[in-house]
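This report looks at one structure made of protein chains.

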Amino acid sequence: MSTTAGDAGTASDRRPGRLIGTILRRTLGFVLTLAVTFIGLTAVTFFISRLTNIDPVLAVVGDKATQAAYDQAFLALGLDQPLPMQYLIYLKRLVTGDFGMSVLTSRPVLTDLMRVFPATFELATIATIIGVLVGVPAGVLAAARKGRWPDHVIRVVGLFGYSVPVFWLGLVGLFVFYGKLGWVSGTGRLDVFFNGIVTTRTGVILIDSAIEGNWEIFGNAISHLILPASILGYFSLAYIARMTRSFMIDQLSQEYVTAARIKGNSYWGAVWRHAFPNIMVPLITVIGLSYASLLEGAVLTETVFAWPGLGLYITRALFNSDMNAVLGGTVLVGAVFITVNLVSDLLYKLFDPRLRST
Amino acid sequence: MLKALKYALLAATLASSMPLAAYAATPADTLVIAKQIDDLISLDPAEAYELSGIEVLANAYDRIMRFEPTDVNTLVGGVAESVTVSDDGRTFTFKIRAGQTFASGNPITAADAAFSLQRVIKLEKTPVFLLSQLGWSKDNVDTMVTAPDASTLVVTIGVDFAPSLVYALLGSVVGSVVDSKLAMEHETDGDFGYAWLKTNSAGSGAYVVRSWTPNESVVLEANPNYRGGAANLKRVILQHVPEASAQRLLLEKGDVDIARNLTPDQIAAIAGNADIKVTSIPEALLYYVGLNQNTKELQDPRVRQALRYLVDYDGMANSFLKGSAQVHQSFWATGFWASYDENPYTFDPAKAKELLAAAGYPDGFSLDLDAPNFAPFTNLAQTVQATFAEGGVKVNIVSSEMAPMLTKYRARGHQALMVYWGPDYMDPHTNADGFVTNTDNTDAATGGKPLAWRNSWDSPELTAMTAAAAKERDEATRKQMYIDLQKKVLDEGPYIIRFQSTSQRAERANVEGFVQGSSSDIVYYNLTTK
């Protein structure tokens, strides 16, 4: 990943043969990073989980089990093996795509993740789109009008979004827009009686319903999605706007902006065409990180909106010591971060002006 | 069918002109219930032991004995029509109703009933203790539970238990009669259909489990073959809504018909709403504090009594618990056969101080109190901390998640610990056994870790009394024995039993006939109309 800066702008990238080589090299690097990160992630999660004072057998058998039922579950979970052995067994199964069974859902963890992640993905993606579409222009405007009223307004609105508990915001949002005004639908991803009508292909309801051309369900999904996504979007918006503002202030004080103005550019022309492209790389990092952290799942938002996503899933698994689910969820979050980082890396190349000289 | 449904929905939605305003009334043939169902971890009657799971199973399976939806106070034959007991009280011969079928269409026979009981023992999941206490084990269950012909189920028990206790056990969730043919069609690795039944149903109850999506919903569809006649509403959807405020909004908007987990303040807030009605149901759940006898100060019975005088029962019941609990101090809840309803302890710091002084603690002592870190336990713990202080007992609250707390409890690592207890079946033996029986007070004991053991309370005399009560075949004598036991535990026991819970259900005004008894075993959807 860290080779980006070194590679940027070298002549080798511009020749197709070399380009393929670069892509291969990157892919290999990605896989290696993935492997190393996963081993680290699983090891840390695994051993920490075993150090907690929670009895994982209780998650399976409950509080009233007899010793015999308890022992049976103990063996079934492989807890009689020494700790390093348990870890190796787990890794071995993981490599074959077997994340084990979740004791809380009675289903394979992989099936669970394939169900809950699309819900989170849908929410996080729309939230990030809102965050970017509103946050970036707001940040640019604040920087361009630094110290004047637009800056103050944007900062106050941003600060509010940043500091108000999302839990409260969610409930108030539900109360006003669903309860009072009736503009949006209530909790969940769809009205209950719409469930199970659209075939699950990707698990992302917006995509699945669009594939089938079922715009009724598409609309229903949007009306369920818009409120939680806006609230999460408000959060990422506040962060993105703040970062955009400070990046832009930095750029706008540079001499090249003055030069651009002298050359006859309008003020906004200088801002958008000259200064803005220069903040793309740090901005992508900020957006990527914000997106990735939303993809981890937003426990509080998911709770308020009864959104069956990854955050709720992992949290509940943690509290109940459902270790296969915790480990599976952690591996997925790890994969998400690595993927988002990789995509950010690729985007740097696309947006770095030094690459555009050809 | 789905297609028809789809078009019907389409038409209905088109008719309402604003697509985003999503005016909501639930479909006329569907009951939508908002409820926290994240405790549901299995739908196999040999394994399910969580409240939501038991409730679903009560609707999906008929049991050998059961409480009918039309009369939730009387235990009667379910799949069985009648029963005779041998003179020695050890052999029960059940006659199975003729001409009954499962939802699948398979006939219900005695062999299905025997299969159902046997698989509980053989699978050895959590609820196995309900049946294993009848003296059944993997080795003998095939001879002790038999079906000599299609309409006769013969159950032999290896212990002396009163018939009423045996019926109560066969009327609990493990008495659910599983369609053996259907289950065995889905058997893998000799699991009696366990893997499949975890997420599907094979019963003859009023409903069939159509789908269960963890943390999302359970969808039930009416079983036309049900013995009591097809259910009034074709579908029931249990929708997982973790946040109580959201449940309230959904109910107010009419997006759900019933909300099951509203908090007392929300119930108060909707009191004026003519579209919503609220019903309170006393439940068998008890809120108590366990006092571990391996803590030196707690070994003196006078100290335990003093602590019982240091709880502000009425203060709590009339404030933050209002509507969700009522004062109850003995181990078997009010409203059940053989309950003891006197509440002799009141908040009396002066008396408590006297008792503490007599026990040698005039200045009190300090005590660690474990409590779960969620409502109402956080409030309960803080209130207890404040009132104990009036007797000089300095409480240090140890707040944690349920799972680690239970782990600690089961290892007897606490001093005092606050939690709840629900009965396993509708007979006082379940709680007597839990609160009193302790046959081996060593750390290495291999029993089910009953509450008496967890609190290191060794009372051979009361343990013997509990065993005797379980055997007593005369109903009136048996009842008196439980009342005596409760009085004894109230005096000497290592518990401060304070409240019994009440459940509050809020529903749309048009909803009628939802049957909700005092436990999850007796919640029935099939008579509901709207």
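In this predicted model, helix α15(A) is mostly covered, with 8 of its 10 residues buried. The buried residues are A:L310, A:G311, A:L312, A:Y313, A:I314, A:T315, A:R316 and A:A317. What do the buried residues of α15(A) pack against? Their partners in chain A are the strand β1 (101-102) and the helices α6 (109-144), α13 (280-295), α14 and α16 (323-351). Just after α15(A), A:S321 has a positive phi of about 60°.

**Where the chains meet**

Contact between the two chains involves 49 residues of chain A and 58 residues of chain B. Chain A and chain B bury an area of about 4,800 Å² between them, and carbon and sulfur atoms give 59% of it. On the chain A side, A:K64, A:Y178 and A:F193 lose the most area to chain B, together 15% of what that side buries.

How many salt bridges are counted between chain A and chain B? The count is 0. Polar contacts between chain A and chain B are present, with 7 residue pairs counted.

Several helices of chain A each supply at least two residues of the side that touches chain B: α3 (56-61), α4 (67-76), α8 (166-180), α10 (215-252), α14 (299-304) and α15 (310-319). Of the elements on this side, α8(A) gives the most, with 6 residues. The table divides the residues of the side of chain A that touches chain B by class.

| Class of residue | Number on the chain A side |
|---|---|
| Nonpolar | 26 residues |
| Polar | 16 residues |

In soluble globular proteins, nonpolar side chains tend to be buried together. The largest nonpolar core here has 125 residues, and the members that touch the most others are B:I64, B:F94, B:W136, B:L153 and B:F435. Helix α3 (residues 110-123) of chain B gives the most to this core, with 8 residues.

Which residues are in contact with B:L153, leaving aside its neighbours within four places in sequence? They are B:I64, B:F92, B:T93, B:F94, B:I96, B:A110, B:A113, B:A114, B:V145 and B:T146. Two of these contacts, B:I64 and B:F94, are also named among the core members that touch the most others.

Another core lies apart from the largest one and has 77 residues. Its members include A:Y87, A:L174 and A:L227 from chain A, and B:A506 from chain B.

Key:
Residues are numbered from 1 along each chain as its sequence is written. Chains are lettered from A and ligands numbered from 1 in the order in which they are written. This is a predicted model: local features need pLDDT of at least 70, side-chain atom pairs count only at pLDDT 80 or more; totals for chains, interfaces and linings use all residues. Side-chain values use heavy atoms; hydrogens and water are left out. A nonpolar core is a set of buried Ala, Val, Leu, Ile, Met, Phe, Trp, Tyr and Cys residues joined through side-chain atoms within 4.5 Å. Buried means under 20% relative accessible area, exposed over 50%, partly exposed in between (1.4 Å probe, protein chains only). Helices (H or I, at least four residues) and strands (E, at least two) are DSSP runs, numbered from the N terminus. Contact means heavy atoms within 4.5 Å. Buried area is the accessible area (1.4 Å probe) that two parts lose on being put together, summed over both. A salt bridge is a side-chain nitrogen of Lys or Arg within 4 Å of a carboxyl oxygen of Asp or Glu. A polar contact is a pair of N or O atoms within 3.5 Å; within protein, one must be able to donate a hydrogen and the other to accept it, and residues adjacent in sequence count only if both atoms are side-chain atoms. Ala, Val, Leu, Ile, Met, Phe, Trp, Tyr, Cys and Pro count as nonpolar, Asp, Glu, Lys and Arg as charged, and the others, Gly among them, as polar.
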